[in-house]
Amino acid sequence: MQSENKKPTCIGIFLQTLGIATFTLGGGYVMIPLLRERFVKKLGWIDENELTEMTAIGQSSPGAMIINVSVLVGYRLHGFWGAVCALLGTSLPAIVLLAAMCYFYDLIRGNRLVSAAFRGMNAGVAAVIADLVVSMAAPYIKKEQVLYALIMVGAFAAAFFLNINVAIIIVACGTVGVVIGAVRGRRKKV
Amino acid sequence: MIYIKLMLSFLLIGVLGFGGGYAVLPLIQQQCVQTNHWLTMTEFSDLLTLSQITPGPVAINAASFVGMKVGGIAGAFLASFAFMLPPFLIVSLLYVVYRKYGQLKTVQNALSGLKPGVAGLIAVAGLGVIIETVWGSAIVLASTDIFSLALIVAALLVLRKWKPGVIVTILACGVMGVIWELIRPLFE
């Protein structure tokens with residue numbers, strides 16, 4: 001049916017991304033397989049390689065990775081306005097839903113059972129983040145990665161103990177990364 | 001004016017939010033809890049929970065929630081679009097550069113430094129949520145919420161061992177919270 005949509009229109013891009021974004025729980029990485037299924041396999045609008053390349057660029061940019069990827073897909077399909085439509089389609093469900101939730105949140109947060117549910121779920125989120133940190137830290141606990149492990153520990157200490165502005169820490173980490181890369185690159189040449 | 005402050009805060013979060021999803025949490029926490037006092041730490045923890053159990057990127061969820069709280073519907077859209085603008089411009093630029101020159105060594109080097117740094121910062125945000133959930137404001141032994149602490153440890157063990165979905169884990173913890181609230185009088 002939809003696979004006969006050979007030429008993607010702006011509205012088509014908007015509706016496709018809107019559909020994917022509305023029914024995807026659990027954030028960015030869950031949406032990549034869905035984008036692949038829809039845009040690569042079903043609609044044939046982009047190919048597998050392009051999506052992989054776009055995912056890499058999306059990850060290298062600030063902001064929500066999946067929005068970045070959608071924007072790139074939009075650019076590829078219909079230029080600037082395609083990108084704008086993809087951005088709107090991907091972000092609108094989250095904006096509208098959370099605005100609505102914020103409204104109800106103020107109404108029901110005082111309820112005893114709602115509070116209890118939130119307390120339990122917050123504990124769950126704390127565990128999820130702890131799990132993520134363990135997974136993210138694991139690759140750096142190696143001898144050849146000691147410089148990057150130091151960046152990790154340094155960033156933690158700077159934020160937790162010294163209360164240094166997060167913005168400064170992020171810029172510093174990026175700078176140190178560039179310096180390490182440059183020094184290693186030069187050593188290899190010599 | 002509140003809208004300008006909101007916009008500037010989320011523009012900054014958008015510029016610096018490298019690493020996707022959870023990586024923006026430390027930035028949001030600093031801007032919204034510490035610097036501007038738009039959210040309490042409890043509300044920030046609740047916001048994380050809501051972001052996890054609803055569709056869409058965590059950062060957009062957070063921007064919309066905070067914007068709505070501070071400036072209504074207009075605030076929700078303003079904060080979300082302010083957050084998305086810098087990445088949109090950067091992605092546009094990168095796309096052009098990438099197509100022309102292939103891989104950018106410097107960008108990759110910067111990212112390899114950012115990734116471990118972001119891991120460290122997420123650890124700080126996670127620790128904040130743990131402290132808020134178990135102790136409230138300050139760490140005092142007497143105010144330890146043993147139920148929450150046990151729930152966090154149990155959920156972490158289950159996550160490491162069986163890798164269930166994030167949403168299933170969080171909702172199960174919510175159910176446990178309600179059950180505990182209902183049966184707690186029996187123990188007191």
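**Notes on a two-chain helical model**

1. Start with helix 4 of chain A. A straight helix of 44 residues would span 64 Å at 1.5 Å a residue, but helix 4 of chain A spans only 32 Å between its end C-alpha atoms. The expected span is 1.5 Å times one less than the number of residues. Helices here are DSSP runs (H or I, at least four residues), strands are E runs of at least two, and both are numbered from the N terminus.

2. Where does helix 4 of chain A have its kink? The kink is centred on A:His78 and comes to about 145 degrees. The bend at a residue is the angle between axes fitted to the seven residues ending there and the seven starting there.

3. A word on the source. This is a predicted model, in which local features need pLDDT of at least 70 and side-chain atom pairs count only at pLDDT 80 or more, while totals for chains, interfaces and linings use all residues. Residues are numbered from 1 along each chain as its sequence is written, and chains are lettered from A and ligands numbered from 1 in the order in which they are written.

4. Helix 4 of chain A also packs on helix 1 of chain A. Their axes come within 7 Å and cross at roughly 40 degrees. Axes are lines fitted to C-alpha atoms, for helices over the stretch in contact, and angles run from 0 to 180 degrees between N-to-C directions. The two helices are therefore oblique to each other. Angles under 35 degrees count as roughly parallel, over 145 as roughly antiparallel, 65 to 115 as roughly perpendicular, and the rest as oblique.

5. Now the interface. In all, 77 residues of chain A are in contact with 87 residues of chain B. Contact means C-beta atoms, placed from the backbone, within 7 Å. Elements of chain A giving two or more residues to this side include helix 1 (10-22), helix 4 (65-108) and helix 7 (166-189). Helix 5 of chain A gives the most, with 22 residues.

6. What classes make up the side of chain A that touches chain B? There are 57 nonpolar, 17 polar and 3 charged residues. Ala, Val, Leu, Ile, Met, Phe, Trp, Tyr, Cys and Pro count as nonpolar, Asp, Glu, Lys and Arg as charged, and the others, Gly among them, as polar.

7. Chain B has 7 helices and 0 strands. Its C-alpha trace spans about 70 × 45 × 30 Å along its principal axes.

8. Helix 1 (residues 2-16) and helix 2 (residues 25-35) of chain B pack at about 160 degrees, with axes 10 Å apart. They are therefore roughly antiparallel. B:Ser9, B:Leu12, B:Ile13 and B:Leu16 in helix 1 meet B:Leu27, B:Ile28 and B:Gln31 in helix 2. This contact has 5 nonpolar, 2 polar and no charged residues.

9. Helix 5 (residues 105-135) and helix 6 (residues 146-162) of chain B have axes that come within 7 Å and cross at roughly 140 degrees. This pair is therefore oblique. B:Ile130, B:Thr133 and B:Val134 in helix 5 meet B:Ser148, B:Leu149 and B:Ile152 in helix 6.

Definitions and conventions:
Contact = placed C-beta atoms within 7 Å.
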